[in-house]
Amino acid sequence: MKRKGTFAMRGMTERDKKLRLLYGAAFLVLMVVETLIALYVHDKVIRPYVGDMLVVLVVYCFVRIFIPVKARLMPLYVFVFAACVEVLQYFDLVTLLGLSGNRFARIVFGSVFDVKDLACYAAGCLLLEVWERRIRRKIC
C-alpha cells in the first residue's frame, strides 16, 4: 500500500497545506523583522512597543503552521501564553533556573517585567482577532 505524505499531512486539504505555507512564510518574515528590531533599533517606541506587538504575531504564525484551521480562540491562547511568560519575568525565572549569566536565555525568556508589555501583547492579539474575523468572513 502506498503511503500518502507524512503523518501531519494526512487528511489535509490543499487549502490547509497552502495555509501552512502562508503561515510559515509569515513566521519567517516576522522573525527577521523582530531580529532586525532587536539588533538595530534602539528607540523609545518601535523596539519596546511595536516589537512586543510583533512577538505575539510571530508566536501565532508559528503555532498556525501546525494548526492551520479550526483555531477560533488562538489569539486568546497566544495572549495567555505571552502573559504567562511576562509573569515568569516578574518572578525572575532566568535567575531561578540558574541561567542569569546566559545572554541567550535572558533574551528568549526576558528579564524585566513590565505591565506595558502585557498591553502590547493584548493589542497584538486584538489585531490577530480582527484579522481572523476578516479571513473567516471571506471564506464563509
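Helices here are DSSP runs of H or I of at least four residues, and strands are runs of E of at least two, numbered from the N terminus. The model is predicted: local features need pLDDT of at least 70, side-chain atom pairs count only at pLDDT 80 or more, and totals for chains, interfaces and linings use all residues. Residues are numbered from 1 along each chain as its sequence is written, and side-chain values use heavy atoms, without hydrogens and water.

Select residues 46-66, helix α2. A bend of about 30° sits at D52, taken as the angle between axes fitted to the seven residues ending there and the seven starting there. D52 is also buried, as are L54, Y60 and R64, among others in α2; buried means under 20% relative accessible area, exposed over 50%, partly exposed in between (1.4 Å probe, protein chains only).

Next, go to K70 in the loop between α2 and α3. Its phi is near 55°, a positive value in a residue other than glycine, and K70 is exposed at 84% relative accessible area.

Move on to helix α3, residues 74-90. Its buried residues include M74, P75, E86 and Q89. Just after α3, D92 takes a positive phi of about 55°. D92 lies in the loop between α3 and α4 (93-96) and is partly exposed, at 29%.

Finally, select V115 in helix α6 (residues 115-139). V115 is exposed, with a relative accessible area of 54%.

Note on methods. The expected span of a helix is 1.5 Å times one less than its number of residues.
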